[in-house]
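Here's a quick tour for anyone meeting this structure for the first time. Have a look at it, then read on.

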Amino acid sequence: MAIDLIIHSAAQLLTVAGSAPKRGSAQSDLGIIEHGAVAIRDGEIVAVGASDEIRALATHETKMLDARGKIVLPGFVDAHTHVVFTGDRANEFEMRLRGASYLELLKAGGGIMNTVRATRAASLGQIINETRARLDRMLSYGTTTAEAKTGYGLDTATELKLLEAIYELDATHPIDLIPTFIGAHAIPEEFRGRADDFVNVVVEEMLPAIRNSKFEIRNLFCDVFCDDGAFDVEQSRKILERARTMNMPLKIHADEFANLGGAALAAELGAVSADHLMVTRRDEMKLLADANVIAVLLPGTTFGLGKTDFANGRAFIEENVPVALGSDLNPGTSWCESMPMILAMATRYEKLTTAEAIVAATLNAAYASGIGERVGSLQVGKLADVLIADVPDYRYLAYRYGTNPIQTVIKRGNMVVERE
Ligand code: NIG
Ligand code: FE
């Protein structure tokens, strides 16, 4: 067996091995191998174990990478992004610093609608170029797979354009993208006061068009923003139920601002994940646990909004809900391109241990994205998405913050980032 690459002698190799989302006490199980190594062939992991054993597999063609004094871990999976957009909302950020609230701006026709106007006006090429720059930065911080939502089109043609951008970027950028359709991301201005009419457009026009589009997209999720100022539970149920009849896996934005019952809806419909969950009650957490819904927590959003009501990550783990993490990268609430920064926030404010947060940002995020069998851990048969971090042990990934700990990024066996 000719091995292409062996990364060896890691102070700690975090396998995060598992065959299902990790929950409860297992959420902190990093599967650490001290002096560990991983062998890669044709973009896949073919052996993991003690350095001495793995090094013995090398031939004269094998490239050897010494990770002495460093840690090796699976590439980060960012379970929730709105990375595909054009423009910015720096002006709204300044208004919020002076006291305006996010929901006030949204209800006044700004917020998401500002980005929708910019994105509708942009060409596909412009959307792709602006998004590619963000993906480059995400990659340099160790993200090797990211979920990516539409939702800044809010009409069929533009939603399809955003899907095309995701498809094109997935094919041409090292980061693998998992597409999510969120046509119900906001009520567009042309439907002001007619939310139910817009829901009908999502159900009757957008969903069939997206589902039947020319793109061969596996695992196309459907998501809804179920919250104050967006869609209520009945509207959300209508959209998600229709998506489910089309065999689309489901996600929901729930409890970011107000608790409308979106978490219970996720449990009722068997969604893959419920996301945000800043104001979710304990009884609703139990529903999520019983229905095997993954809680995708997004501390960058709470921080980005300058708020303090972070999701209670500790409580989700106590209630046996598998917890995943994402950046929520978007121009309004959380322009964060760094998963290590998300770990720094999730530990301090959502009360996850560093080990729990790493599992949340790798294996559990992969399951939340529908690809837990392919990525998210260092296991034989999985894609060789591997990071080398220049830190002496895993706790430093959350402990030290604000600079980039990731030195080398390997995507499908190729070294795509190498920093001094
Ligand atoms: O997850 N809540 C809805 N969507 C985003 C915000 C999008 C935006 O403001 O552009 C979020 O926070
Ligand atoms: Fe979001």
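## Surface and burial

Of the 420 residues, 61% are buried (under 20% relative accessible area, 1.4 Å probe, protein chains only).

## What kind of model this is

This is a predicted model, where local features need pLDDT of at least 70 and side-chain atom pairs count only at pLDDT 80 or more, while totals for chains, interfaces and linings use all residues. Residues are numbered from 1 along each chain as its sequence is written, chains are lettered from A and ligands numbered from 1 in the order in which they are written, and side-chain values use heavy atoms, leaving out hydrogens and water.

## Overall shape

The C-alpha trace spans about 70 × 45 × 45 Å along its principal axes. The chain holds 16 helices and 16 strands, counted as DSSP runs (H or I, at least four residues, for helices; E, at least two, for strands).

## The iron site

So what holds the iron ion (ligand 2)? H80 (NE2), H82 (NE2), H253 (NE2) and D328 (OD) coordinate the iron ion at 2.1 to 2.4 Å; donors are N, O and S atoms within 2.8 Å of the metal (3.2 Å for Na, K and Ca), and water is not among the atoms, so sites may look incomplete. Along the chain, these donors follow the spacing H-x1-H-x170-H-x74-D. Both H80 and H82 are buried.

How values were computed:
Buried means under 20% relative accessible area, exposed over 50%, partly exposed in between (1.4 Å probe, protein chains only).
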